[in-house]
Amino acid sequence: METTHLWLFLMLCAGVHASSSEVLKRQKRNWIIDSFSIDEGYKGVFPYVLGNVTIEKSIPYFNIHGEGVEKEPKGVLQINKLTGEITVHRPVDFEKYQFIKLTFQALDRHSHVIDTELGIEVLIIDANDNTPTFDNEKQEISIKESTSQGTDLITVRATDNDRSKKYQLFDLQIVSVHPDPSDLEFDINQIDLSGTISFKGCLDHETAEKYTIIVEAKGRGEGLQLSSSSTITVNINDGNNHLPVITGQTGSGRVKEGEENVLVKRLQVTDKDSKGTAAWRAKYQIQGDAKKNFRITTDPETNEGLLYVEKHLDYEDGHMQNMTISVENEIPYSSCKVVDRSVTGLWKVNTETEKLGTTTHRVAVTVIVEDVNEPPIFHPLKKQVTVVENAEAGKYLVTFTASDPDKTGANIIVYKKGDDPADWVSVEPKTGKISTTKIVDRESAFVKNNVYTVPIFALDNGQPALTGTGTLEILIADENDNAPSLTASNIDMCQSDGLSLANITAVDPDEEPYGGPFTFRLQEEKKGNWKLDSLQGYSVNLVKEPTVPSGQYELLLEVLDLQGQRSAHNLSVTVCNCKEPARPNCRLRKASSSFGGGGIGAAVVVMLLLAGVLLLALLLSCKKKSLTITDTEQYLMKSNIENPGTDCKFVPNGQMERRTSQTKISTDQRDYFEQLPINSMSEGHFWRSSSSRWSTGMSSRMRTSHRNSMRETWNGRSGYSASQENAVFKSTMLPKVLNMMLSKLEAPGEELGDYAPHVYAEEGDAGADFEPDASSIPDISFEPDLDLDLDSNFNTLASICMPSGSAAHRNS
């Protein structure tokens, strides 16, 4: 149908400021233009002629502009300037533009616009050109197999964008279902733009696990009916519509009495439901097992029932165990069968729904119990008796009795004791009577909480021989058989201006009322300087008067328990000056002062004496001709221990001259050396006899001058050469000096080490800051300045006796 509207407007082209006289001069012209319309559903060839502009007078040229030309929708219309023919060059969407407004212009031969313009409106005619579209092209749902027919499964919805109501209408329908359902039909119920899918009949997961449904939406309008589709996937979850059935039993079905956690049977089962689902998994139950001796589990892979012995069985209670085992699934059983189909409404179906435990399959199971030798059993397993400690040995305690559970056997039972660390009891093998063998002591280390425990065994002679175990607990009653004792019998106390206290604690292994609190008593003669701050308790304080001097004291202390049993203790008390009065410790002071200045001095003297002896032995052993020490006023004691020894033979001077062939020196030479002062002779070369250290009193220049002076004096008196001088020195002077030095170290009538030690300070004297005497070890090297031809071993020995940093040591 074509609707034509024509609006003719006469528009006067006048300026904004045109006068009314100019408007009155213009005249209206009656131009008539034909009406036009465009069908959006046109399927022909473009461009096509829409129509011609018809007017009353001739116009040289025609023109149009506005919507459809240079405005949106652009490029739809064009006009022939000479003929006024309007053509359509492309379609227009009615849903966007219901009409197009444009302006017609008349032009003169010079292309000037005549001052009259006409408005033109082109109508767009709606067509059924939009396809109904679903909100979702694909949807997927899952439902249970037991879902009842007629249940709404899912709703689909579609829309059509045509503006006209007649073109907005469409129909929804199911066009295909895959796979082809058996005993099942899907329906769709449309209301306006939506449709709800349901089904009739019965769902069966074993027939089809899912269905694919295609729903179509098709327009109702005239002409071409457009359509679209949506795909619905319906998954059928398996339900328990097949019952499990026990089909067989495997396994020995035998168990030995006393065994536990033993697999005796495997029960096979079949179920047509999907494997691994709750509808397939089997659950087993045992009936007729009153004592709960068995348990059954499900093998997750095979669905078999595994029958175990939970608690040991006794052959004497029955050699056969009969029971019933039933099986069901994890979810309830349900079924659906189609009885009749109808064209309208739901179909007639038969459904069954049972609760768990109401529809099960059952089988009888028998387990055979084999007899084995069982250990004897004590009646009761534990016995306790009370014994007073210190009771005489041989006291009867109790009798243990055990029985053999094997009723068919005739086993002999023998009784023995187990671990008896104190060896206090004995057991008669045949009767099980238990007696003491020794006096029991509650204070024994083997007694815990007044109880002494001994295991008792009953052994049979079965095959194999087995042992039953009982327990004997001996509760030991206490007696007052222990006297109080002190935790410490040696205590230290500090000197102070006031009273000093020291704690004394007593203990008694006996329990109440044979223990504490205790009574303490101090001997009468000591009470002048000592006393106790209290007389009763577990601990008391010993009080010392400030007039008691430092030293060691022995006190007699008497302690009594609650029953008057007493004990006397010698209490050793040491009084000293303490660095920490709160923590007296006199033993540490004694240990530190035991090795004082006297001890260090004795050690130094012994070391020097040993060095001298080694040096002398080296000189005597390294020469082809022996060197004999001449007789002097001082003698070298032959000793290497506290008493005189034999490690050095002394030869008097007269015998030496007769027994040696070495070179002799004149009396004048010997007298000269004897007259020389020891200090001047050994200065810079030998030990000083007073302190046993190398003399360092002279500088190098002084020693050289002194040495030259001695040479001149010697050479002037004797006329000896330098080589003769060296020989005389080694053979006479050196041994003499060593002999004199050693004799000075030794006090007449006393051995080394027999001296009164020097007391530097008492332990605990904070103000004492004494140091032991310095050791008499030289700080410089031994450098003989005399040009004497001393043996190389002498220098080696000297370097050993000197500090490691000395020049002699570095040159050795």
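Select Asp 492 and then Thr 574 in strand β43: the two are bridge partners. Strands here are DSSP runs of E, at least two residues long, numbered from the N terminus. The model is predicted, so local features need pLDDT of at least 70 and side-chain atom pairs count only at pLDDT 80 or more, while totals for chains, interfaces and linings use all residues. Residues are numbered from 1 along each chain as its sequence is written, and side-chain values use heavy atoms, without hydrogens and water.

In β36, 4 of the 5 residues are buried (under 20% relative accessible area, with exposed over 50% and partly exposed in between; 1.4 Å probe, protein chains only).

Next, the aromatic rings. Rings of Phe, Tyr and Trp (its six-membered ring) pair if their centres lie within 6.5 Å; planes under 30 degrees apart are stacked, over 60 edge-to-face, and the rest tilted. The count is 11 aromatic pairs. Select Tyr 42 and Tyr 48, a tilted pair with 4.5 Å between centres and 45 degrees between planes. Tyr 42 is partly exposed, at 29% relative accessible area.

Move to Phe 62 and Phe 104, a tilted pair at 5.7 Å centre to centre and 40 degrees between planes. Phe 62 lies in strand β3 (residues 61–66) and Phe 104 in strand β6 (residues 99–107), so the pair ties together parts 42 residues apart in sequence. Both Phe 62 and Phe 104 are buried.

Finish at Arg 295, which lies over the face of Tyr 308, 4.5 Å from the ring centre. The criterion is CZ of Arg or NZ of Lys within 6 Å of the ring centre and within 35 degrees of the ring normal.

Conventions: Two strands pair if DSSP finds at least two bridges between them.
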